Every structure is written in C-alpha cells, then in structure tokens.
Amino acid sequence: MNIDETVTDPVFAVPTAAEDVKLNGRESETYKRYWGQVQHQMLVAEAPRGYLVFYDHTANDLITFEIERDEGFIEKVEFPNKGIVSVEGEEKKVIVKNGIPGQKVRFMINKKRKNKAEGRLLETLEKSPLETRELVCSIFPACGGCMYQTMSYEAQLEMKAAQIKSLIDEAVI
C-alpha cells in the first residue's frame, strides 16, 4: 500500500485526518488534537502565532490554520480565583486563573468546550487600576497564595464580597 492512499475502513468508515479537517474545520477532532501541541510550541518558542497545517493528498492541497495567542481584559474574578476574560471579536468568555479585574493579559487557551474556554495566564500586559500597592512578597506570583497583594485591602474585601454574594445567589435560585 502506498502512503498516499486513503485508508478508510469500510466497516467503520473512519475519515482520514485531512477529510476530518475539511468536513469540520476547527471543530474537527483532528484539529483539536493537534491544536494543543501548536499552543505548547508557541509558548516554548515565545512565538505570537503558529500554524497548523494538514496535507490533503487527494487534492494535493494544504489546509492551513493560523493560531494566535490571545489577549484580553479581565472583567471580573469569580470564586475561586477565576478571571473572566473578554476577547475582542469573540462572544465566548475565557476563564483564566490568577488575575485581577482590569488587567490586560496575554494567555494561551488550553481547553475548549462548547460554551466555555479555559486558558493559562502567560503575562500581564497592563496593570489594573485596582493595583495600588507595591509587591510585598519576593516570590510573587510563583506560589499563588497572595494573588491580590497589589490591591488595597478595601478593594480585596469588595471583590470577595461580590464573589460570596454571587455564590449565594446561585445557590438560592
């Protein structure tokens, strides 16, 4: 058998990777499988974008997807420490841990589901207006135990009170 021949089991009718991507695009299982690898390579290489390329041997064609690292503003932080990030041009919000409301952050999406996405914080591009204090801990933010230390105590209390109210409201409804 030639490596360029399409392998489709007549019993299971399993499409090739290129067929899957052609039919389903970014929603295909093949795209999702390799997308995470490209994200990791972009992180290691500190590249702003990467490419995921599939070869369709039946049409002698390349199917190319450009993948960029995302940026956005943290709108609010839900309990437990889940920053809700809006991304320009996207309806769906992304959950990114370890942020402060108002920060502009760069992140990498590492999980996508139908109604939500989760990302990993890579860097803070702009400080939040709520960050009025200097760092106290020399190993911040490595341990994650004091994520809000740059916020005033009053701002921390306000944010945490809103989180508790939201949890209670959800439980009561």
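Biologist: Where does Asn-98 lie in this model?
Modeller: Asn-98 lies in the loop between β5 and β6, where strands (DSSP runs of E, at least two residues) and helices (runs of H or I, at least four residues) are numbered from the N terminus. This is a predicted model, in which local features need pLDDT of at least 70 and side-chain atom pairs count only at pLDDT 80 or more, while totals for chains, interfaces and linings use all residues. Residues are numbered from 1 along each chain as its sequence is written, and side-chain values use heavy atoms, leaving out hydrogens and water.

Biologist: OK, and what is the phi of Asn-98?
Modeller: Asn-98 has a positive phi of about 70 degrees, although this residue is not a glycine. Asn-98 counts as partly exposed because its relative accessibility is 32%, which falls between buried (under 20% relative accessible area) and exposed (over 50%), using a 1.4 Å probe and protein chains only.

Biologist: What do five of the strands build?
Modeller: Five strands make a closed barrel that runs β3-β4-β5-β7-β6, and their pairing is mixed. From one strand to the next the twist averages 50 degrees, with axes taken as lines fitted to C-alpha atoms (for helices, over the stretch in contact) and angles running from 0 to 180 degrees between N-to-C directions.

Biologist: Which strands there are parallel, and which antiparallel?
Modeller: β5 and β7 pair in the parallel sense over three bridges, and Val-94 stands opposite Ala-117 in β7. Strand β6 (residues 104-112) and strand β7 (residues 117-126), on the other hand, run antiparallel with eight bridges between them, and a hairpin of four residues joins them. In that pair, Phe-107 stands opposite Leu-121, while Lys-112 stands opposite Ala-117.

Biologist: What lies across β6 and β7?
Modeller: Helix α2 (residues 29-45) lies across these two strands, running at about 150 degrees to β6.

Biologist: Now Gln-103, is that residue buried or exposed?
Modeller: Gln-103 counts as buried because its relative accessibility is 5%, and this residue is found in the loop between β5 (94-97) and β6. Leaving aside residues up to four places away in sequence, Gln-103 touches several others, including Phe-73, Thr-124 and Lys-127, where a contact means heavy atoms within 4.5 Å.

Biologist: And what joins the side chains of Gln-103 and Glu-131?
Modeller: A polar contact of 3.2 Å joins them, meaning a pair of N or O atoms within 3.5 Å; within protein, one must be able to donate a hydrogen and the other to accept it, and residues adjacent in sequence count only if both atoms are side-chain atoms.

Biologist: Last topic, the helix α3: which residues are buried, and why do they line one face?
Modeller: The buried residues of α3 are Ala-155, Gln-156, Met-159 and Gln-163. Seen down the helix axis, these buried residues fall within an arc of 110 degrees, so they line one face; the arc is that of the directions from the axis to the C-beta atoms. They pack against β3 (70-78), whereas exposed residues on the other side of α3 include Tyr-153, Glu-158 and Lys-165.

Terms used:
Two strands pair if DSSP finds at least two bridges between them.
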